[in-house]
Amino acid sequence: MVNWKSRKTGDFLLLANAVVFVLLVNLVASRYFFRVDLTEEKRYSIKPQTKAILRALEDDVYIEVYLEGELNAGFRRFQKTIRETLDEFRVYAPGKLHITFTNPQTAGSEKAQSEFMADLAQRGIQPTNVIDTRDGQRVEKIIFPGAVISSGGIETGVMLLKGSTARTSDERINQSIETVEYELINALYTLTNTDRKRIGFLRGHGEADSMQVVSLYRDLGQVYEVERGVSLATTPSPETYDALVMVRPVTAFSEQEKYRLDQYIMQGGKVLFLIDRLNARMDSAAVAGYLALPYAENLDDQLFKYGVRINPDLVQDLQSAQYPIVTGQTGGKPQMQMMEWPFFPLINRYADHPITRNLDAVVTRFISSIDTVKAPGVKKTPLLFTSAQTRTVMAPVNISANALRQDVRPEDFSKDGVPVGYLLEGSFTSLYKNRFLPDGETKETFRDHSAPTRLVVLADADLAINEVNPRSHQPQPLGFYPFTNYIFANRDLLMNAVAYLVDEQGLIQARSKQIKIRPLDREKVKQERVTWQFLNLVVPLVLLTIFGVVRMYWRKKKFARFG
């Protein structure tokens, strides 16, 4: 006979042990928090720098996302990623984040909707026209893939739809998904950070005037403290300026000024160089026989020592921006036609680096090629490349708008991927090592090698030049191209470059996240459809039936012994 009392006691003890085990697991989990991401590319994990910023939040933060409503499959996936990322943010900032999703098209009357949408556009959240097909009908809808983040009475807009417009819709959405964490945490950090880095713009050598770079001043000023007129009359210090920016110097630097810039770098200072190697301008292209010649800014030997050489040439690329040209007269009025201008390359090939990852195209004007030279201790990363149909023209370069009317022979553009921008990282050697120092400088404070630091060299200052509206005389957004009314990614490129130079916390590394697209092979699915339907529907039922029969037979045989 079975001792039912002892069996009952055993079952009770087993239940008690299970309860105690669950309580112990919960007690340990409450003390030692952890999360496990089992995906290959860690798509549900956020960077340690992001976690540190979230844990350090002192004030409440309100995040309103405007990607809501009826969305197609791609944008639903994008919305889901945004929601999951913000939910992950909540884990590391408990009680601090207040998140809502809002559909702008539900803002009352049509007039209220228009005003609301115009307000979002002013905050940098640009509308996107989505075309979808439902029940055989073409449906167009305007969405606002962005968010407004506010804290302490201050707010900022963040555009979440990024990526290259040259990619397919699904690929661009995937690129945007990869940058969601960075865009959100960068905006949040900018809003809540009180210890702002200082950026200085070098002046004194005919650099681009304030109106030409006012958009860059304004954009950087939202994140950093910006000083517009830094002189090399004395040696700047990294304690004073976290980074210096040089935009198109056209007159020669003296040896004393070069020495002071060199010693700033030797102390660990960071510099963004935006240099035009040749004096090339469209307003001179109308002059017959105009030749673009090199500027004499006297920086060649210094950049050469740091590991790069900006060549005295201009790049021509068949992948270029369009420019209006007079092609004839009708009724006494000039007829204009938009034509590709090879001297204005559109750059859409980048290094796989946080500065350039998932960028849209940038527009350049009269850009030069860059070569690298030996520089021990310096890592050189090419950031920007021209297309596969490129050529370079050495100075002096004949620039004439009439050349737009000439037929272009593709076979003349045989160079592929010419580098036009570099990131330099490491310990640099001083230009003045084993040389006489300039007059007035002493050996006591001289450094012949730098602390680990970073430089970015871009061979086109026009990357930082904004257009000015001829009617209102107001600056246009950086990257705005007036002949097509398109805003290229010049701003994103320069903001990322400065962030990488001064970002000691490594926040920009969040841009390195990679999410793989794993689409189904539609042809294979079609061919094997019946097989997979059988495996998913019939096989589980068969296995369940077999398990039930075997279990029934086992129980019958087991209890037959006690009969």
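Two strands count as paired here if DSSP finds at least two bridges between them, and helices (H or I, at least four residues) and strands (E, at least two) are DSSP runs, numbered from the N terminus. By that rule β1 and β2 pair in the parallel sense over 5 bridges. Before going on, note that this is a predicted model: local features need pLDDT of at least 70 and side-chain atom pairs count only at pLDDT 80 or more, while totals for chains, interfaces and linings use all residues. Residues are numbered from 1 along each chain as its sequence is written, and side-chain values use heavy atoms, with hydrogens and water left out.

**The chain overall**

The chain has 12 helices and 25 strands. Of its 563 residues, 44% are buried (under 20% relative accessible area; exposed is over 50%, partly exposed in between, with a 1.4 Å probe and protein chains only). Take the contacts (heavy atoms within 4.5 Å) between residues at least 6 apart in sequence: 76% of them join residues at least 24 apart. The accessible surface (Shrake-Rupley, 1.4 Å probe) is about 30400 Å², with 54% belonging to carbon and sulfur atoms.

**Around β1 and β2**

Back to that strand pair. Glu64 has Thr100 in β2 as its bridge partner. Getting from β1 to β2, the chain passes through helix α3 (residues 73-92), and this β-α-β crossover is right-handed (with the strands pointing away from the viewer, the path from the first strand over the helix to the second runs clockwise). In a regular strand, side chains alternate between the two faces of the sheet. Strand β2 (residues 97-101) covers Leu97, Ile99 and Phe101 on one face and leaves His98 and Thr100 on the uncovered one.

Leu57 sits in the loop between α2 (48-55) and β1 (61-65). It is buried, at 10% relative accessible area. Beyond its neighbours within four places in sequence, Leu57 touches Ala93, Lys96, Leu97, Leu188 and Thr192.

**Nonpolar cores**

A nonpolar core is a set of buried Ala, Val, Leu, Ile, Met, Phe, Trp, Tyr and Cys residues joined through side-chain atoms within 4.5 Å. The largest one has 72 residues, and those with the most contacts inside it include Val247, Leu384 and Leu458. Helix α10 (residues 490-502) gives this core its largest share, 9 residues. Leaving out neighbours within four places in sequence, Leu458 is in contact with residues including Leu272, Phe273, Leu384, Leu463 and Leu493. There is also a second, separate core of 42 residues, with Met117, Ile149, Met159 and Ile185 among them.

**Salt bridges**

A search of the whole structure turns up 23 salt bridges (a side-chain nitrogen of Lys or Arg within 4 Å of a carboxyl oxygen of Asp or Glu). Here are some of them:

| Pair | Closest N to O |
|---|---|
| Glu227 and Arg198 | 2.7 Å |
| Asp301 and Lys258 | 2.8 Å |

Glu227 in strand β8 (residues 225-230) and Arg198 in strand β7 (residues 198-202) are 29 residues apart. Glu227 is partly exposed at 28%, and Arg198 is partly exposed at 32%. Asp301 in helix α9 (residues 300-306) and Lys258 in helix α7 (residues 255-266) are 43 residues apart. Here Asp301 is partly exposed at 29%, whereas Lys258 is buried at 0%. Finally, Lys162, Asp219, Arg491 and Asp492 are linked in a network of salt bridges.
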